[in-house]
Amino acid sequence: MSTHWHVLGAGSLGSLWATRLARAGLPVKLILRDAARLAAYEAAGGLTLVEQGQEQRFAIAAETLDADTPIERLLVACKAYDAEAAVTRLASRLTPGADLLLLQNGLGSQDAVAARVPHARCLFASSTEGAFRDGDWRVVFAGHGFTWLGDVAHPQPPYWLDDLTLAGIPHEWNTQILTRLWRKLALNCAINPLTVLYDCRNGGLLEHHCEVATLCAELAELLECCGQPAAALDLPSEVERVIQATAANYSSMYQDVAQGRRTEIGYLLGYACAAAARHHLNLPHLSRLYNRLVAHLTAKGLPST
Ligand code: NAD
Ligand code: KPL
């Protein structure tokens with residue numbers, strides 16, 4: 001019998017992972033916030049995965065944060081700003097040598113989580129898969145993609161990557177996961193805030209080519225200064241390519257703001273600007289972009305951290 005997967009956060013990505021693991025016959029348990037959420041989940045009869053118009057419901061077992069079952073493998077699928085507090089609540093349930101897989105976008109939350117669970121192995125992930133909820137306990141698999149996983153402390157992959165293969169989750173072990181996370185952070189910093197400020201789809205940034213190029217130059221300088229020269233390679237052309245390829249889409253930050261949800265700014269542009277400050281690096285356009293975004297979010301009554 002394979003080790004249980006505990007999935008913390010039954011949102012978009014957590015539900016996408018949990019349903020695919022369950023569909024492969026692997027033991028999965030959801031960890032929900034409290035008894036009210038657990039009762040609502042049980043009343044719904046499980047999680048529904050919508051894929052290519054087909055719906056399938058999985059009656060995955062669930063428990064609350066306060067349960068006392070031991071946790072050997074934890075998929076952390078909360079937003080970056082919730083991850084540290086949620087994992088802290090579970091720290092005493094982790095078995096010695098437990099593995100955590102952190103799905104958060106951006107940077108900063110991974111180190112904060114790892115510091116809370118020094119005896120566990122924390123793997124970082126970067127994913128291009130896309131999912132959203134179209135109702136409570138329902139997830140739509142919107143964009144096929146890929147997930148890279150790695151461990152900044154140990155180059156050896158865990159044996160349980162086979163579970164992901166069984167579950168049909170496209171993945172690859174990556175010994176340079178920080179480089180991948182920095183690269184994604186830079187892409188998100190060059191694209192997402194401007195889509196919010198110009199109120200446009202990604203393709204709308206084609207009209208702001210010079211501004212994007214200037215930001216890319218500053219981001220590349222930051223990546224090099226932070227010891228990530230590989231993440232800086234050809235950044236402007238990669239950003240242009242992503243803008244073209246996703247021209248019809250609204251960025252994830254745009255969607256968060258449009259729906260009045262908290263953004264992950266503190267783990268993207270906020271993290272980048274804090275890193276620049278730590279290195280005494282003057283990046284005026286990036287810093288102005290951050291200030292404009294903070295002002296915009298504040299005016300909308302949204303948190304800016
Ligand atoms: P989401 O908001 O849909 O889901 C997060 C879930 O975590 C919510 O259900 C929330 O209630 C739950 N949660 C928060 N705190 C909790 C707690 N203390 N106990 C139990 N549950 C708790 O978010 P998402 O879109 O799945 O994103 C998760 C992470 O994955 C983010 O960092 C995001 O940037 C990243 N990501 C998402 C996608 C995507 O397509 N959705 C793609 C790539 C990366
Ligand atoms: O990842 C993205 C997002 O919207 O968060 C892309 C499409 C790359 C834009 O930055």
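Here's a walk through the inside of this protein and the spot where its ligand sits. It's a predicted model, where local features need pLDDT of at least 70, side-chain atom pairs count only at pLDDT 80 or more, and totals for chains, interfaces and linings use all residues. Residues are numbered from 1 along each chain as its sequence is written, chains are lettered from A and ligands numbered from 1 in the order in which they are written, and side-chain values use heavy atoms, leaving out hydrogens and water.

Let's start with the inside. In soluble globular proteins, nonpolar side chains tend to be buried together. A nonpolar core is a set of buried Ala, Val, Leu, Ile, Met, Phe, Trp, Tyr and Cys residues joined through side-chain atoms within 4.5 Å, and buried means under 20% relative accessible area (1.4 Å probe, protein chains only). The largest one here has 67 residues, and Trp 182 and Leu 222 are among those touching the most other members. Helix H6 (residues 177-197) gives the most, eleven residues; helices are DSSP runs of H or I with at least four residues, numbered from the N terminus. A second, separate core has 34 residues, including Leu 21 and Phe 141.

Now for ligand 1. There are 25 residues around it, and Ser 12, Leu 13, Asn 105, Ala 131 and Glu 264 come nearest; to count, a residue needs a heavy atom within 4 Å. Look for the polar contacts, pairs of N or O atoms within 3.5 Å. A polar side-chain atom of Glu 264 is 2.6 Å from a ligand 1 oxygen, while a polar backbone atom of Leu 13 is 2.8 Å from an oxygen of ligand 1.

Note on methods:
Buried < 20%, exposed > 50% of the residue type's maximum accessible area, 1.4 Å probe, protein only. Helix = DSSP H or I, 4+ residues; strand = E, 2+ residues; numbered from the N terminus. Polar contact = N/O pair within 3.5 Å; in protein donor to acceptor, adjacent residues only side chain to side chain.
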